[in-house]
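The plan is to look things up one at a time and jot down what turns up.

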Amino acid sequence: MSYHLKILGGGQEVGRAAIEVTGPDGSIVLDYGVNFNPDDTPNFPLQEMPSKVKAFIVSHAHLDHVGALPIYQISGSKPIYGTSITKEIGELILKDFLKISGPRVPYEWVEVKKTLDNFNTIKYNEEFEVGSFRIKTSSAGHIPGSAITVVKIDNGDVTYTGDINIANTKLMKPADLDIMRDSRVIVTEATYGKFNHPQRKSVEDEFYNAIMEVLEEGGTVLVPAFSLSRSQEILSLLAERNIPYPVYYDGMVKTIMEIMINNPEYINNYEALKKAYNEFHYVNGLQDRKKAYKSNGVIVASAGMLKGGPAVYYFKKIADNPKNAVFLVSYQADNTPGRKLLELGKFDEESPLLKARLQLFDFSSHAGRDQLMQILKASKSLEKVVVVHSSADSAQYFADHVKQELGVEVIVPENGQEIQL
């Protein structure tokens, strides 16, 4: 039997990543995540016959890559492979997802526990076997523990980028692309298939200078940020620059920062992260919150799109004063309060116009268009590119760009589509 790929999720959409690779004696599934409808109902990937699936390989701990893993532990037991820090952070992410979306999720705490019990930790660049598949991973440069996955099959390497970045950031060194040299097929994300990001150094400078302007005028800066990675990135940046004002952080940020501090081998600028943890103020309880928003300082809090979490509390407290600022540093999806602020200048239809200064800074942890091209060029034997984890128009735009530049076959699959290898 020939080898083939099947797209179970992430086809012409961002999130819900799930790629099945099938061989003669069954299949492995790379990632198994969720995304959400506008009403916040979780969407799960397509399902495969459980008897066919030998194992799951996880690229990293974001919900859109791990959120559906426990489904396959309901009636059976499936091994899962990923880095040790992905396992630790994944546990937090799955628990949080259950807490928030419990009634809309087809599994319970017992399956989450089973997912963790069946989680085998792997190290970068060490080859391991699952059935007839040989697998190897390297750092994807996206968040701590994120992995590029190479599946070695009889007729050449199949590589799945997962979410990938080649910028040098506080948390991450650029992705280790050496592993992709012999890739015949690359399944790549193209979240930013249409766009390039500005140079990271200039974004950091602009962000820090903007913060200092507000603070020197006596204002408070709220930085809503994803609690996994973006918050720690921002805190590390402020620590590295020795910001002379108080910095507060609130939400799940602290627990994740502690996991990162306990896994130094996954962190680029470990000293900055440790300094942030030791010197900045963790907000614990309402008294601390009052102190934070009344201070002439910076508050880093989740959620990054202002869809909930402590960031919303702070927003309501500081929004009305033009001395203050709200600096967005995370992706702002359609219909979120963060996106509404950018489009309408207010939190939602009923809210008054925002008086505080509003600015968006591109701290993306995904490669932009030209970087994605550079990643594909790391392969010396490329024949086929499969574009996933991207909106239909971004994916198509990027696919045309790749065909033109590299002259290889490019596929923009729909969910459910099978691709011969």
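**Entry 1: helix 8 and helix 9.** Before anything else I need to know what an axis is here: a line fitted to C-alpha atoms, for helices over the stretch in contact, with angles running from 0 to 180 degrees between N-to-C directions. I also remind myself that this is a predicted model.

With that settled, I looked up how helix 8 (residues 286-294) sits against helix 9 (residues 310-318): their axes are 10 Å apart and the packing angle is about 45°. That makes helix 8 oblique to helix 9. The crossing of helix 8 past helix 9 is right-handed.

Entry 2: The peptide bond from Ser302 to Ala303 turned out to be cis, with omega near 10°.

Leu306 is also found in the loop between strand 17 and helix 9. I checked its backbone: phi of Leu306 is near 60°, a positive value in a residue other than glycine. Is Leu306 buried or exposed? Its relative accessibility is 0%, so Leu306 counts as buried.

**Entry 3: another positive phi.** Asn125 is not a glycine either, yet it has a positive phi of about 65°. I found Asn125 in the loop between strand 8 (119-121) and strand 9 (128-130). Asn125 is partly exposed, at 41% relative accessible area.

**Entry 4: helix 5 and its partners.** I started with helix 4 (residues 200-216). The axes of helix 4 and helix 5 come within 11 Å and cross at roughly 70°, so I wrote down helix 4 and helix 5 as roughly perpendicular. On the helix 4 side the contact uses Arg200, Glu204, Phe207, Tyr208 and Ile211, and on the helix 5 side Glu233, Ile234, Leu237 and Leu238. I sorted the residues of this contact between helix 4 and helix 5 into six nonpolar, no polar and three charged.

Next came helix 5 (residues 230-240) against helix 7 (residues 270-279), which pack at an angle of about 90° with axes 8 Å apart. Helix 5 and helix 7 are therefore also roughly perpendicular to each other. Gln232, Leu235, Ser236, Ala239 and Glu240 in helix 5 face Ala272, Leu273, Lys275 and Ala276 in helix 7, with which they are in contact. I get five nonpolar, two polar and two charged residues for the contact of helix 5 with helix 7.

**Entry 5: the core.** How many residues are in the largest nonpolar core? It has 72, and the ones with the most contacts inside it are Phe207, Leu238, Ile243, Val298 and Phe327. Helix 4 gives the most to this core, with eight residues. I noted as background that nonpolar side chains tend to be buried together in soluble globular proteins.

Leaving out neighbours within four places in sequence, Ile243 is in contact with Tyr208, Ile211, Met212, Leu215, Leu238, Phe280 and Val298.

**Entry 6: helix 6.** In helix 6 (residues 253-261) I listed the buried residues as Val253, Ile256, Met257, Ile259, Met260 and Ile261. Their cover includes helix 2 (84-101), helix 5, strand 15 (247-250) and helix 7.

**Entry 7: two buried spots.** Gly145 is in the loop between strand 10 (133-139) and strand 11 (147-153). At 1% relative accessibility, Gly145 counts as buried. Beyond four places in sequence, Gly145 touches Ser59, Thr83, Ile85, Thr86, Tyr124 and Tyr266.

Thr159 lies in strand 12 (residues 156-160) and is buried, with a relative accessible area of 0%. Not counting residues up to four places away in sequence, I found Thr159 in contact with Ile148, Thr149, Val150, Met180, Ser183, Val185, Ile186 and Val187.

Conventions:
Residues are numbered from 1 along each chain as its sequence is written. This is a predicted model: local features need pLDDT of at least 70, side-chain atom pairs count only at pLDDT 80 or more; totals for chains, interfaces and linings use all residues. Side-chain values use heavy atoms; hydrogens and water are left out. Helices (H or I, at least four residues) and strands (E, at least two) are DSSP runs, numbered from the N terminus. Angles under 35 degrees count as roughly parallel, over 145 as roughly antiparallel, 65 to 115 as roughly perpendicular and the rest as oblique. Contact means heavy atoms within 4.5 Å. Ala, Val, Leu, Ile, Met, Phe, Trp, Tyr, Cys and Pro count as nonpolar, Asp, Glu, Lys and Arg as charged, and the others, Gly among them, as polar. Buried means under 20% relative accessible area, exposed over 50%, partly exposed in between (1.4 Å probe, protein chains only). A crossing is left-handed if the near helix is turned anticlockwise from the far one by less than a right angle, and right-handed if clockwise. A nonpolar core is a set of buried Ala, Val, Leu, Ile, Met, Phe, Trp, Tyr and Cys residues joined through side-chain atoms within 4.5 Å.
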